Amino acid sequence: MPFKKAVFIVVLVLSSQLFAQNKSVVFQSDFGLKDGAVSAMKGVAMGVSADLKLYDLTHEIPAYNIWEAAYRLEQTVLYWPAGTVFVSVVDPGVGTNRKSVVVKTKTGHYIVTPDNGTLTLIASSLGIAERREINEAVNRRNGSQKSYTFHGRDVYAFTAARLASGTISFDQVGNLLSNEVVSIPYQKAVKEGNLIKGNISILDIQYGNVWTNIPAEMVQQINLKYAQNLSIRIYHKRTKVWEGIAPYCETFGAVAKGKPLVYLNSLMQLSIALNMGSFADVFHVASGSDWSISVNAVEKK
Amino acid sequence: MPFKKAVFIVVLVLSSQLFAQNKSVVFQSDFGLKDGAVSAMKGVAMGVSADLKLYDLTHEIPAYNIWEAAYRLEQTVLYWPAGTVFVSVVDPGVGTNRKSVVVKTKTGHYIVTPDNGTLTLIASSLGIAERREINEAVNRRNGSQKSYTFHGRDVYAFTAARLASGTISFDQVGNLLSNEVVSIPYQKAVKEGNLIKGNISILDIQYGNVWTNIPAEMVQQINLKYAQNLSIRIYHKRTKVWEGIAPYCETFGAVAKGKPLVYLNSLMQLSIALNMGSFADVFHVASGSDWSISVNAVEKK
Amino acid sequence: MPFKKAVFIVVLVLSSQLFAQNKSVVFQSDFGLKDGAVSAMKGVAMGVSADLKLYDLTHEIPAYNIWEAAYRLEQTVLYWPAGTVFVSVVDPGVGTNRKSVVVKTKTGHYIVTPDNGTLTLIASSLGIAERREINEAVNRRNGSQKSYTFHGRDVYAFTAARLASGTISFDQVGNLLSNEVVSIPYQKAVKEGNLIKGNISILDIQYGNVWTNIPAEMVQQINLKYAQNLSIRIYHKRTKVWEGIAPYCETFGAVAKGKPLVYLNSLMQLSIALNMGSFADVFHVASGSDWSISVNAVEKK
């Protein structure tokens, strides 16, 4: 019946449109934007399916900095709709036996990446629903088998595009692995009596402010009031790098110029700054998995 | 009648497609591209509607530089089709009582922004057709009400996406305000007798050339000829920063290396440069609302 | 018959969709991302057709560096699907008599550019199927004729958008020219007896490594083994800038810190580096059409 056929086609158009509307790939790397590497990845994705929508997280991850790649994913993934496919290529171990994987988070986001620690924070916050190893026998750009492979382009972008476009199902990525992603050890935010410990996750680099993973809720548990002093210790690995006292402030101007303060940053996490100065520069504090902090309230007298 | 229904669906597909084709959002900010802020804004927009097309103006506005944000909008908006929605987030006053608005220009472009001066130049050149205050009771990302709000993501990107996608009409942004946007005072280009006054709008930063808002037409009114000398005075607020003589030139090579010249830049506006040097660096000249210039032709003898 | 009409419309929807799915434009320039120039180009393209998909190659080509523009195209074009339209605007000769052209490569890619050397490498690798001069009488943004023209925006982006969207056919770009693009002379990779000569195409700028255009296959022809020494001479124009001996290595760690080595880079081309150092900085070596290299194996004793 031709009429049914027409309706069928209409439905097909409608449904393919609906399906197409989730076909987003978001790219992250340490490639920078000065050469053609990012564009080559996007070209490969477009070659898989012209229906895809391609976006960037950032390509300015410092070279080989897996921790920062993990942090940027953590900062961003949840703001995208479920079904979005992320590609994260910070891959100092290319050519070694690190696994190439796709994970599906419990929130329904996909991340295509070398499993080298990039998933540390997402696994902890969103949770991993499934992890699969990319079967490069099928999920690899045609013609890229011989000689050199640029994995970001030939495997990760290609597989992400196939998954996002529905060319393959998640099952077809490759074999199911355990949900245990490779994790970089770091100090989780914990309250031990009156002491709060945490990690220095990242610097607010433009201003030299120090951002921790200690949430506002934990700060509330020690009944901290504005203007109350905190005793602070900052460690790199086991070495104490800085120790001092600073008040908990609502605004930077609550302390004199050049003085330290504690505040909640834009992610509602405990942070440390110098008013009109760079805490990180002045006190040689950096960020990453091996930087930690402990704070406790100094009782008001 | 099933047939009518099929046609209806077809028409729906067609019209939704036509409608979708104007669904562009262009983002500007001072966030830079090193972290996840821009990507989070885009993720929120995609969560509103996967039909949207997301673009960037620039995210390299110097931190808190409202004037430059205003200038980049002025430089760009009119080249986009009417109906395009711009988001501009340079917001030093976040948390103060600056209003969050959407304006519709007389050319049919929309701009979502804190009303803090960002609209100064667009209001003057394109004109404001309507200005509405964003009603954050409805135009705010779900779940962002509690504790901290990243306005660029939770209010501006979200509202822009709703507007661009047709989820809300312009009326539904919020209450109508007067058309009087917050304007930063600056020296408009004026001819007073033989004297032309203007603002130093921006530096051509790569070369250190000084760009003014004085249009070619005004230069023609004083019958300036190539090689004719101009007497120039540059002011920061009320202080004279530089004073000198330079010829009006068609090419930089018309003066000796290191010598100043006056020329029309790529926007057909009066500009000042050093041949093979940086006028801005050498003479400590910057740009912005508080920089002004006056020139007059030196009569040929 | 209304039914046929419905089917016709359906087919129209389907085919216009299929057609729309190749409508990609990829932009490259030396404009940087700090101002509104790139966004203005994209706005003009969107004004031509909202169906287009707009991407970036890079906008960080060093100012006026035609060679590097040529290299980035060479590095990228082939990874995009046939039918993709590239716009490359590195145009030191704007206002001179350089031609504005669109070429179709033998692989079915289109490049819109001033014909000033940008096509040197693509012409050699992919081959030119057709070259046409842009007829600016028709292929120019409305209203841009008077006074100043920003060619990247008013001619190149506009023409690329018209071509990519099917508004014009390739024939309608303008008159057919010969296939002989303007080429920058450079040392092609050649084997002359036991000597291999080539060009220093680019620096791996982040690390200061020197990349040549000498392919792995040519290295194989001289039966080079890992650890075998090569005698190397580097020239700028006719002047020898560096001469030395370095071993052919699989990994950087095969030589002591600060020592030179020869390796195959990620494009499988002969490259030179210092282990943990910048060969380019230490020995004042740069890249471009006027930099060349010659190497020969030093016989093992």
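Trainee: How many bridges join β1(B) to β2(B), and do these strands run parallel or antiparallel?

Mentor: As a general idea, the strands of a sheet pair through backbone hydrogen bonds, in either a parallel or an antiparallel way. In this predicted model, β1(B) and β2(B) run parallel and are joined by four bridges, and within that pairing Ser24(B) stands opposite Lys53(B) of β2(B).

Trainee: Which strand is joined to β1(B) by five bridges?

Mentor: That strand is β3 of chain B, residues 85-89, which runs parallel to β1 of chain B, residues 24-29, and is joined to it by five bridges. Ser29(B) has Val89(B) as its bridge partner in β3(B).

Trainee: What is the strand order of the open sheet in chain B?

Mentor: The open sheet has seven strands in the order β2-β1-β3-β5-β4-β6-β7 (chain B), and its pairing is mixed. At the edges stand β2 (53-56) and β7 (176-177) of chain B, and because each has a single partner strand, one side of each is left without a neighbour in the sheet.

Trainee: Which helices pack on this sheet, and which strands do they touch?

Mentor: Helix α2 of chain B, residues 37-48, packs on the sheet and touches β1, β2 and β3 of chain B, with a direction that makes about 160° with that of β2(B). Helix α2 of chain C, residues 37-48, also packs on the sheet, where it touches β1 and β2 of chain B, and its direction makes about 150° with that of β2(B).

Trainee: Which residues of β1(B) point one way, which point the other way, and are they buried or exposed?

Mentor: In a regular strand the side chains alternate between the two faces of the sheet. Here Ser24(B), Val26(B) and Gln28(B) point one way from β1(B), whereas Val25(B), Phe27(B) and Ser29(B) point the other way, and all are buried. The strand β1(B) is thus described as mostly covered, with six of its six residues buried.

Trainee: Turning to helix pairs, what is the angle at which α2(B) and α5(B) pack, and how far apart are their axes?

Mentor: Helix α2(B) and helix α5 of chain B, residues 151-164, pack at an angle of about 40°, with their axes 8 Å apart. That angle makes α2(B) oblique to α5(B), and the crossing of the two helices is right-handed.

Trainee: Which residues of α2(B) meet α5(B)?

Mentor: An α-helix has 3.6 residues a turn, so residues three or four places apart point the same way. On the α2(B) side the residues are Ala40(B), Met41(B), Val44(B), Ala45(B) and Val48(B), and they meet Gly152(B), Arg153(B), Ala157(B), Phe158(B), Ala161(B) and Arg162(B) in α5(B). By class, this contact of α2(B) with α5(B) comprises eight nonpolar, one polar and two charged residues.

Trainee: At what angle do the axes of α2(C) and α5(C) cross?

Mentor: The axes of α2(C) and helix α5 of chain C, residues 151-164, cross at roughly 40° and come within 8 Å. The crossing of α2(C) and α5(C) is right-handed, and its contact has eight nonpolar, one polar and two charged residues.

Trainee: How many residues of helix α3 of chain A are buried?

Mentor: Ten of the eleven residues of α3 (residues 66-76) of chain A are buried, so this helix is largely enclosed by the rest of the structure. Among the buried residues of α3(A) are Trp67(A), Glu68(A), Tyr71(A) and Arg72(A).

Notes:
Residues are numbered from 1 along each chain as its sequence is written. Chains are lettered from A and ligands numbered from 1 in the order in which they are written. This is a predicted model: local features need pLDDT of at least 70, side-chain atom pairs count only at pLDDT 80 or more; totals for chains, interfaces and linings use all residues. Side-chain values use heavy atoms; hydrogens and water are left out. Two strands pair if DSSP finds at least two bridges between them. Contact means heavy atoms within 4.5 Å. Axes are lines fitted to C-alpha atoms, for helices over the stretch in contact, and angles run from 0 to 180 degrees between N-to-C directions. Angles under 35 degrees count as roughly parallel, over 145 as roughly antiparallel, 65 to 115 as roughly perpendicular and the rest as oblique. A crossing is left-handed if the near helix is turned anticlockwise from the far one by less than a right angle, and right-handed if clockwise. Ala, Val, Leu, Ile, Met, Phe, Trp, Tyr, Cys and Pro count as nonpolar, Asp, Glu, Lys and Arg as charged, and the others, Gly among them, as polar. Buried means under 20% relative accessible area, exposed over 50%, partly exposed in between (1.4 Å probe, protein chains only).
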